[in-house]
Structures are given as C-alpha cells and as structure tokens.
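Take a look at the fold below.

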Amino acid sequence: MSDILHHMIAGAPAPVAPFSHATECEGWVFVTGQLPIDPGHEPSPLPEGIVAQTHKTFDNLLIVLKGLGLGLDDVVSARAFLTHFDEDYATFNATYASYFPSGRFPARTCIGTTGLARQARVEIDFIARRPRA
C-alpha cells in the first residue's frame with residue numbers, strides 16, 4: 001500500500017477545523033466537506049438561500065478538484081448535509097443535478113442535520129478516483 005498524501009490546495013477556503021482539503025491513497029481521493037465560504041474572505045457572510053450556498057459549495061469543491069488535476073467526471077461518490085432538509089431538499093437536488101450530465105451522477109447520500117459550521121445550510125464532500133494510466 002502506498003503512503004497517504006495530504007493535500008492543501010492554494011485558493012481553497014481556509015479550513016474551519018484541523019483537516020486537509022483532501023487525502024489520497026492508491027488513486028482514491030477523499031475531498032473534505034466544503035461549505036459555501038468565500039475563499040480569501042472567510043469571515044464574510046455566507047450567501048443567502050440554498051441555491052446560492054450550493055453553487056458556492058460547488059465552486060469550492062471544484063477549486064480542490066482542479067488543484068488535484070481532477071474534475072467532476074472523476075467523482076465516484078458524494079455526501080451532502082442539509083440543515084433545512086424538508087425546506088431545501090428539492091431545490092438542492094435541482095441545483096446539484098445541474099453540475100453533472102444527466103444519467104452520470106455519482107453515488108450519493110443526503111443527510112438532514114441540525115447544524116453545520118458557520119451556520120451553513122449545506123456541506124458536500126466527495127470521493128474521487130484518479131483515471132488509470
């Protein structure tokens with residue numbers, strides 16, 4: 001088994017806790033949950049509403065993926081956490097789906113939770129796989 005790589009990505013939001021932006025082992029890449037934080041302006045207020053927060057969260061996930069030479073096509077699985085599950089689920093799904101080609105969605109779990117860092121409405125993490133050479 002190869003060593004675990006710990007990645008910190010330039011331009012991604014500063015961590016709100018002790019974690020790497022991603023870890024990697026044997027071609028598997030585990031992207032830490034991202035929040036709708038504005039990189040470089042972390043104390044700024046979060047965007048309002050689930051649509052704006054989902055877009056900002058994807059912006060941050062894409063920064064991390066791109067920094068690793070990956071893209072959404074490499075995502076195998078996603079986990080989403082919503083603090084206003086009943087209110088936001090349908091709208092979140094529509095926004096989330098817009099990032100992937102129809103019929104090419106990663107496996108996904110979506111969980112309702114009572115709270116997220118910075119009082120965010122959404123957090124999303126990814127598992128990706130590097131293409132084989």
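The paragraphs below go from the sheet to the helices and then to the salt bridges.

This is a predicted model. Start with the sheet. It is open and has six strands, in the order β1-β2-β3-β6-β4-β5, with mixed pairing. Strands β1 (5-7) and β5 (107-112) form the edges, and each pairs on one side only. From one strand to the next, the twist averages 15 degrees.

Now look at one pair of strands. β2 (residues 22-25) and β3 (residues 28-34) run antiparallel and share four bridges. Within this pair, glutamate 24 has valine 29 as its bridge partner in β3.

Two helices come next. Helix α1 (residues 50-67) packs on the sheet and touches β2, β3, β4 (75-82) and β6 (122-129). Its direction makes about 30 degrees with that of β6. Helix α2 (residues 85-97) lies across β4, β5 and β6. Helix α2 runs at about 155 degrees to β5.

Turn to the charged side chains. The model has six salt bridges. One of them joins glutamate 24 to arginine 130, with the closest N and O atoms 2.5 Å apart. This pair links distant parts of the chain: glutamate 24 sits in strand β2 and arginine 130 in the segment after β6, 106 residues apart. Glutamate 24 is buried, at 8% relative accessibility. Arginine 130 is partly exposed, at 25%.

Another salt bridge brings arginine 121 and glutamate 87 together at 3.2 Å, N to O. Arginine 121 lies in the loop between β5 and β6 and glutamate 87 in helix α2, so this pair ties together parts 34 residues apart in sequence. Arginine 121 is buried, whereas glutamate 87 is exposed.

Finally, Asp38, Lys56 and Asp59 form a network of salt bridges.

Key: Residues are numbered from 1 along each chain as its sequence is written. This is a predicted model: local features need pLDDT of at least 70, side-chain atom pairs count only at pLDDT 80 or more; totals for chains, interfaces and linings use all residues. Side-chain values use heavy atoms; hydrogens and water are left out. Two strands pair if DSSP finds at least two bridges between them. Axes are lines fitted to C-alpha atoms, for helices over the stretch in contact, and angles run from 0 to 180 degrees between N-to-C directions. Contact means heavy atoms within 4.5 Å. A salt bridge is a side-chain nitrogen of Lys or Arg within 4 Å of a carboxyl oxygen of Asp or Glu. Buried means under 20% relative accessible area, exposed over 50%, partly exposed in between (1.4 Å probe, protein chains only).
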